[in-house]
Amino acid sequence: MRRIFLLLLILIGSYSSAFNQELYVFTEPASNMPTKSIGVRITNEGMNNPNFMSRTIPEVMFGFNKNLMMHAQAFLSDMDGKYRLEGGSLYAKYRFLSFDEAHSHFRAAAFGRISTSKRPTFTNDINLEGDNSGYQGGFIFTQLLHKLAISATLGYAHSFRDTEKQVLGMPKPNNMLSYSLSSGYLLLPFVYKNYTQPNFNLYFELLGKTDPSNGASYLDLAPALQVILNSTTRIDLGYRFQASGNIANRYTKNMYLIRAEFNFFNVLK
């Protein structure tokens, strides 16, 4: 029995190691978390706009099967003068295509999100992770090539018209197209021996949005580092900054991100 348990842990570790470089910091991959697993995350984001503000995002994730997973998030911040609960979000992802080989694979997934937020709107940017109420849908395509993983995301977001929280004279965001190109490289270990080896990943992501009604847009660059311990605990450190753009007063401009994540395998029935 002990040998079977040890073998199971090694298999989980091998699985996690093989796909660690797909665990992007600012976007989701097309691959899903392991079946019947639960993940718990806490993320802290900080930005100057013009004064320092921060947001905390507790999150729980469910891997129902190899194709379907779901996230539930809450948003808390001091961005409107006092620290408070801003709202929440539900995110679901369905993987509908997989081509697997020994050290490579290609996967495609569809995703959807619905969010609520108490925040007034001061910008045309639509951010459904704390700043706006609305829904979003799109597609993700991820290619693994040994230690390198590349992923592209295309999405469309619509903001609900919460007239009671609109500020007179301020923008009223409606629709937004989003797109990203993410790369992740597994730096360590050079040779995988067991699931307890720490994994060290390097990421670089391009994050962009365009308002189809007026062509306003931005493009951010987002480098990040990641450490994974025992194939179950993940620590992320990233920073995004604007390379180009003309959308004023957006909150995610020049933003750091710190995240801790803990995964529990085979806990769902």
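I began at strand 12 of this predicted model, where I found that Arg 234 stands opposite Glu 261.

Next I looked up the strands on either pairing. Strand 11, residues 233-245, runs antiparallel to strand 12 and is joined to it by eight bridges, while strand 1, residues 37-48, pairs with strand 12 in the antiparallel sense over ten bridges.

Which residues have the most contacts inside the largest nonpolar core? I noted Val 25, Phe 26 and Met 47, in a core of 15 residues. Strand 9 (199-210), strand 10 (217-229) and strand 12 (255-264) each supply at least two residues of this core. I also listed what Phe 26 touches beyond four places in sequence, including Glu 205, Leu 207, Tyr 239, Met 255 and Leu 257. A second, separate core has seven residues, among them Leu 128, Met 176, Tyr 218 and Ile 247.

Last, I stepped back to the whole protein, whose secondary structure comes to one helix and twelve strands. The radius of gyration is 19 Å, close to the 18 Å that the globule rule gives for 269 residues, so the protein is as compact as a globular protein of that length. I noted that buried residues make up 48% of the 269 residues, and that the protein exposes about 13100 Å², with carbon and sulfur atoms supplying 66% of that area.

Technical notes
Residues are numbered from 1 along each chain as its sequence is written. This is a predicted model: local features need pLDDT of at least 70, side-chain atom pairs count only at pLDDT 80 or more; totals for chains, interfaces and linings use all residues. Side-chain values use heavy atoms; hydrogens and water are left out. A nonpolar core is a set of buried Ala, Val, Leu, Ile, Met, Phe, Trp, Tyr and Cys residues joined through side-chain atoms within 4.5 Å. Buried means under 20% relative accessible area, exposed over 50%, partly exposed in between (1.4 Å probe, protein chains only). Helices (H or I, at least four residues) and strands (E, at least two) are DSSP runs, numbered from the N terminus. Contact means heavy atoms within 4.5 Å. Two strands pair if DSSP finds at least two bridges between them. The radius of gyration is taken over C-alpha atoms; the globule rule is 2.2 Å times the number of residues to the power 0.38. Accessible areas come from the Shrake-Rupley method with a 1.4 Å probe; for residues, only the protein chains shown count as cover.
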